[in-house]
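Please open the structure in your viewer and keep the selection tool at hand.

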Amino acid sequence: MDLKKLKEIVYQENLNLVKHDLVVLTWGNVSAVDRKKGIMVIKPSGVSYEKMKATDMVVVSLKTGKTINSHYRPSSDTPTHLELYRKFPHIGGIVHTHSPFATAFAQAGLDIVPLGTTHADTFYGAIPCIKKLSKQAIQKDYELNTGKAIVNAFKKLDYEAMPAALLQSHGPFAWGQNAHEAVKNAVTLEAVAKMAFITLRVNPKTPKIDQYLSDKHYQRKHGKNAYYGQK
């Protein structure tokens, strides 16, 4: 893909975080990868959404992590994004936010258990809350170790069937086949977290969705015989 176009996509998807109320101030970031060129494009660190332009998006080497021809520093979460791209070969976009309801579950150290079909449509199973990093992991290579913690937690999980995770005491990450899908999954994650929060307030003993119903809703959108939407 043309670099100018990729920067424009990443820029627009970062603005979509604001549009969908997933971020405030300068929080959060979206990235996208061009694996053929070996590069990642990501939001610049600490630059407000109101002031940034498509040309401000930062290009980073997927192999070395070094910035390529940019007057801005990349997001401080860049090492996390790079680690996920390196270890999850089928993803093309990543989102990190501090959206309120998903972050509330992360701060509480709780998985988001599947309670209904809205959850099951996108996330196959409980959205995992990954245990907080050790003091040593935080003090040295914090962002890289955040990525490694996610990758390690997904050794027994399908990162394509579960395109999101929570970091205890931190917040949510989501990913997808491209930046647009990653943002869509982040929006869905926040909506599902809000529904779960409200449901558990209404009835703290609400059981998980029946597995056969969960399977049906996930597979009709994602399975080999998916039939949701238009061809």
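**Pockets, a cavity and contacts**

Begin with the second largest pocket, in which about 170 Å³ of space lies. Select Thr26, Gly28, Asn29, Ser76 and Asp77, which are the closest to its centre among the 13 residues that line this pocket. Its lining divides into 2 nonpolar, 9 polar and 2 charged residues (Ala, Val, Leu, Ile, Met, Phe, Trp, Tyr, Cys and Pro count as nonpolar, Asp, Glu, Lys and Arg as charged, and the others, Gly among them, as polar).

Before going on, note that this is a predicted model, in which local features need pLDDT of at least 70 and side-chain atom pairs count only at pLDDT 80 or more, while totals for chains, interfaces and linings use all residues. Residues are numbered from 1 along each chain as its sequence is written, and side-chain values use heavy atoms, with hydrogens and water left out.

On a 1 Å grid over the protein atoms alone, a pocket is an open set of points with protein on both sides within 12 Å along at least five of seven lines, a cavity is a set where a 1.4 Å probe fits but cannot get out, and lining residues have an atom within 4 Å of a point. Grid points are joined across faces, edges and corners, and a volume is the space filled by probe spheres set on the points.

Next, select Thr122, Glu160, Glu181, Asn185 and His222, which lie nearest the centre of the largest pocket, a space lined by 18 residues. Two or more lining residues come from each of β8 (172-176), α7 (179-202) and α8 (211-222), these elements being DSSP runs numbered from the N terminus, with helices (H or I) of at least four residues and strands (E) of at least two. The volume of the largest pocket is about 470 Å³, and α7 gives the largest share of its lining, 4 residues.

Select Val95, Thr97, Ser99, Pro172, Phe173, Ala174, Ala186 and Leu189, which line the largest cavity, where about 40 Å³ of space lies. The largest share of this lining, 3 residues, comes from β8, and the lining holds 6 nonpolar, 2 polar and no charged residues.

Finally, select Phe101 and Phe197, whose ring centres are 5.5 Å apart and whose planes stand at 65°, so the pair is edge-to-face. Rings of Phe, Tyr and Trp (its six-membered ring) pair if their centres lie within 6.5 Å, and planes under 30 degrees apart count as stacked, over 60 as edge-to-face and the rest as tilted.
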